[in-house]
Amino acid sequence: MIDWDDVRYFLAVARGGSVRAAAERLGVNHSTVLRRIAQLEERLGAQMFEKLPSGYRLTAAGEEVLELANQMEASSHQLETRVFGRDQSVRGLLRVTLAPPLATHLLMPDFADFARLHPEIEMEILSSGELANLTNREADVAIRVVYDRKTLPLNLHGLKGPELFGGVYMSCDRLAAWRAGAPDPIRWIVISIHGIPDWASEGEVRTTGVPFRTTDAEAQIVAVRQGLGITTLPCFVGDADPLLVRVPGTDLHMYGTLWLLTQGETRKTKRVRLFTEFVSRRLAAYAPLLAGLSISRD
């Protein structure tokens, strides 16, 4: 019998192209990966990889094993989700993936309320820019901003939420200084990997300095509070911040629609159903804030 754990290590090396990448993905050390691969090769009587300066490349035998290993992985995930879907208890692990701003600036109080209502549920909030794979059970529920529903995989079950809008913001103090004729340059504050969105305009306030770049949303927010210039933010972040104001003469932009996503049998579990119904109600209540309609400021 082939050990499924050995096959998992084989897949990690095949996909990562190196032992180091596989070790990082699986959370183990380098030697463990090598030992598992050696066990699999000994059991099958064939070499799976060629070690090259650029990394590990599959041999002809390895290519054949890869196809079967992918099938084994798919069957394993199907087995897990079917068993998981039959679990109707309100205890156990519940993993939720969403973008960091949604967690830190909007939904964390609601997650806390849900945890107090269901103390037997162990919640794990995966607030990251990386998209967790629901099919592979990396998460049980995903809260995502989706511009086009057709772009989502057909195997995902979606519960539609409110539309999400963004705007252009600056600090209240910086706007007051600009109106008073302060000579300091006003910069675009951008997240490095995104730059200035096509939809964003400067409105009445013109930028004169070079851009100020950050690598994450939290640093971006702190920078705009410091009066360095203007930036784009979701309305639920910008409108809720008493230190910020919309830049006069700028328009709102629709980012997309919030969806609560689950997969296959997973969505049938009681704790997943309880969570999606709970968060769906909370998101509906936030609809004016998400659409930029909760306040009106010049």
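Helices here are DSSP runs of at least four residues, numbered from the N terminus. Leu11 is found in one of them, helix H1. The structure is a predicted model.

**The chain as a whole**

The protein chain has 298 residues, and buried residues make up 41% of them. Its secondary structure comes to ten helices and eleven strands. Among contacts between residues at least 6 apart in sequence, 74% join residues at least 24 apart.

**Helix pairs**

| Helix pair | Axes come within | Crossing angle |
|---|---|---|
| H1 (residues 4–16) and H3 (residues 30–44) | 9 Å | roughly 115° |
| H2 (residues 19–26) and H3 | 8 Å | roughly 105° |
| H5 (residues 100–117) and H9 (residues 270–285) | 11 Å | roughly 140° |

**H3 and its partners**

The axes of H1 and H3 cross at roughly 115°, and the two helices are therefore roughly perpendicular to each other. Their crossing is left-handed. On the H1 side, the contact is made by Asp5, Asp6, Tyr9, Phe10 and Val13, and on the H3 side by Thr32, Val33, Arg36, Ile37, Gln39 and Leu40. These residues divide into six nonpolar, two polar and three charged.

H3 also meets H2, and the axes of this pair cross at roughly 105°. That angle makes H2 roughly perpendicular to H3. Val19, Arg20, Ala22 and Ala23 in H2 touch His30, Val33 and Leu34 in H3. The residues of this contact comprise five nonpolar, one polar and one charged. Val33 of H3 takes part in the contact with H1 and also in the contact with H2.

**H5 and H9**

The axes of H5 and H9 cross at roughly 140°. An angle counts as roughly antiparallel only over 145 degrees, and H5 and H9 are therefore oblique to each other. The crossing of H5 and H9 is right-handed.

H5 contributes Leu106, Leu107, Asp110, Phe111, Asp113, Phe114 and Leu117 to the contact, while H9 contributes Arg271, Leu274, Phe275, Phe278, Val279, Arg282 and Leu283. This set divides into ten nonpolar, no polar and four charged residues.

An α-helix has 3.6 residues a turn, so residues three or four places apart point the same way. The buried residues of H5 are Leu102, Ala103, Leu106, Leu107, Asp110, Phe111 and Phe114. Among them, Leu106, Leu107, Asp110, Phe111 and Phe114 also meet H9. H5 has a kink of about 75° at Leu107, shortly before the proline Pro109.

**Two leucines**

Is Leu11 buried or exposed? Its relative accessibility is 2%, so Leu11 counts as buried. Leaving aside residues up to four places away in sequence, Leu11 touches Trp4, Leu66, Ala69, Asn70 and Glu73. The C-alpha atoms of Leu11 and Val65 are separated by 9.5 Å, although these residues lie 54 residues apart along the chain.

Leu293 belongs to the segment after helix H10 (287–290). With a relative accessible area of 66%, Leu293 is exposed. The C-alpha atoms of Leu293 and Cys235, 58 residues apart along the chain, are separated by 8.7 Å.

Conventions. Residues numbered from 1 in each chain as written. Predicted model: local features only at pLDDT ≥ 70, side-chain atom pairs only at ≥ 80, totals over all residues. Heavy atoms only, no water. Axes fitted to C-alpha atoms, helices over the stretch in contact; angles between N-to-C directions. Parallel < 35°, antiparallel > 145°, perpendicular 65-115°, else oblique. Left-handed = near helix turned anticlockwise from the far one by under 90°. Contact = heavy atoms within 4.5 Å. Nonpolar A, V, L, I, M, F, W, Y, C, P; charged D, E, K, R; others polar. Bend = angle between axes of the 7 residues up to and from the residue. Buried < 20%, exposed > 50% of the residue type's maximum accessible area, 1.4 Å probe, protein only.
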